[in-house]
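Please examine the sequence and the structure shown below.

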Amino acid sequence: MIYTCTFSPSIDYTTYLPVFSPGGLNRTEDVRYYPGGKGINVSRVLKRLGTDTVALGFTGGFTGQYIEQFLKQEGIRTDFIPVDGITRINVKIKAEAETELNGPAPELNAAQLKALADKLAHFSRGDWFVLAGSLPKQVPDGYFQQLAGMCRERGIHFVLDTSGPLLRELAAYQPFLIKPNAEELGELFGADITSQAAAVRYARRLVELGIRHVVVSLGGKGAIYVSKDIAAVAEVPKGKVINTVGAGDSLVSGFIAAWEAGAEPLEAFRNGVASGSATAFQSDLCRKQDVEALREQVTIKPFQEQDVNL
Ligand SMILES: Nc1ncnc2c1ncn2[C@@H]1O[C@H](COP(=O)(O)OP(=O)(O)O)[C@@H](O)[C@H]1O
Ligand SMILES: O=P(O)(O)OC[C@H]1O[C@](O)(COP(=O)(O)O)[C@@H](O)[C@@H]1O
């Protein structure tokens, strides 16, 4: 089974307007309320691609209930741990530029954290644990390391899509897949990633740590895949960008869906990139038919040492 885990779910209050004036009164007529948070997006996309998951994480209040109901209506199994606070609402303003306002998640107590570790203790070899999105800082030292260590010991595919200092620490637990964007990869190494060659160089350092698949997403500039034997660059298909929120999560989902179906790494990568772009080209997350239509338009080439600026 694929378990996704979202420590900080959200409702993504997504609104479209031609011009956004900071500091002024902005009236908007087109508003959507999507359940969000990276693991939840992965569960939603995998469902659309025909793969079942269980969405784990922490939810609270009326916003938490909304997310749970929404996912159930889409046929997604949930097993959230209830928390006392109210699940956040993240604001996504789609005007000339995309502006995001991501709130803090409710605090978690020791019993709630333990409840998650107890669930992980029942996973079987070959299951997946997709830990995605921002992680709370106020957890006891070593907690996330314990979860990552359980995955390593039990042969669970550990997929990590987070940012900040924990990304560096958990990378040492040899996740199966990680998907930083260029900025997150740069943060890991205290570097500015301004070229494909730099992205490949640092991704290789992660592979040397024992991570099997490293995908560096580059927004509209595509993505890079690095493993022990392969370094490849994908160009994205052309299309009208509508909402890139969830594009990174869709990339992760497309990769996992194809891998579970027996695809080779570069085919899984292609499916991931097509899923990311299919999401960027619509308001909500990608649909299977759009991913299939875009897949052949994703060009993948071996990485060439000559430098290409990002
Ligand atoms: N402007 C875009 N045009 C086409 N595809 C895009 C665009 N933005 C994102 N994507 C697709 O989504 C993937 C992930 O996007 P990215 O913005 O890098 O992720 P994140 O949201 O995690 O930072 C990209 O690798 C690409 O496949
Ligand atoms: O946990 P974070 O880092 O605040 O991110 C949460 C946000 O990321 C998203 O999951 C989208 O992520 P991506 O655009 O990176 O795929 C939103 O749904 C959510 O509002």
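Which residue in β6 is the bridge partner of Ile 11? The bridge partner of Ile 11 in β6 is Ile 89.

## Basis of the report

This is a predicted model, in which local features need pLDDT of at least 70 and side-chain atom pairs count only at pLDDT 80 or more, while totals for chains, interfaces and linings use all residues. Residues are numbered from 1 along each chain as its sequence is written, and chains are lettered from A and ligands numbered from 1 in the order in which they are written.

Helices (H or I, at least four residues) and strands (E, at least two) are DSSP runs, numbered from the N terminus. Two strands are said to pair if DSSP finds at least two bridges between them.

## The four-stranded sheet

An open sheet is formed by four strands in the order β3-β2-β6-β7, with mixed pairing. The strands at the edges are β3 (30-36) and β7 (98-101); each has a single partner strand, so one side of each is left without a neighbour in the sheet. From one strand to the next, the twist averages 20°; the axes behind such angles are lines fitted to C-alpha atoms, for helices over the stretch in contact, and angles run from 0 to 180 degrees between N-to-C directions.

Within this sheet, strands β2 (residues 10-16) and β6 (residues 88-94) run parallel and are joined by seven bridges.

## Strand β8 and its partners

Strand β8 (residues 128-132) pairs in the parallel sense with strand β1 (residues 2-6) over four bridges, and Phe 129 is the bridge partner of Tyr 3. With strand β9 (residues 157-161), β8 pairs in the parallel sense over five bridges. Here Phe 129 stands opposite Phe 158 in β9. The chain passes from β8 through helix α4 (residues 143-154) to β9 in a right-handed β-α-β crossover (with the strands pointing away from the viewer, the path from the first strand over the helix to the second runs clockwise).

Is β8 mostly covered or uncovered? Five of its five residues are buried, so that β8 is mostly covered (a residue is buried if 20 or more other C-beta atoms, placed from the backbone, lie within 10 Å of its own). In a regular strand, side chains alternate between the two faces of the sheet. Both faces of β8 are covered, with Trp 128, Val 130 and Ala 132 buried on one side and Phe 129 and Leu 131 buried on the other.

## Around ligand 1

Among the 17 residues around ligand 1, those that come nearest are Ser 217, Gly 220, Ala 247, Gly 248 and Gly 276 (a residue is near if its C-beta atom, placed from the backbone, lies within 6 Å). Helix α9 gives the largest share of the shell, four residues.

Note on methods
A residue is buried if 20 or more other C-beta atoms lie within 10 Å of its own, exposed if 12 or fewer, and partly exposed in between; C-beta atoms are placed from the backbone.
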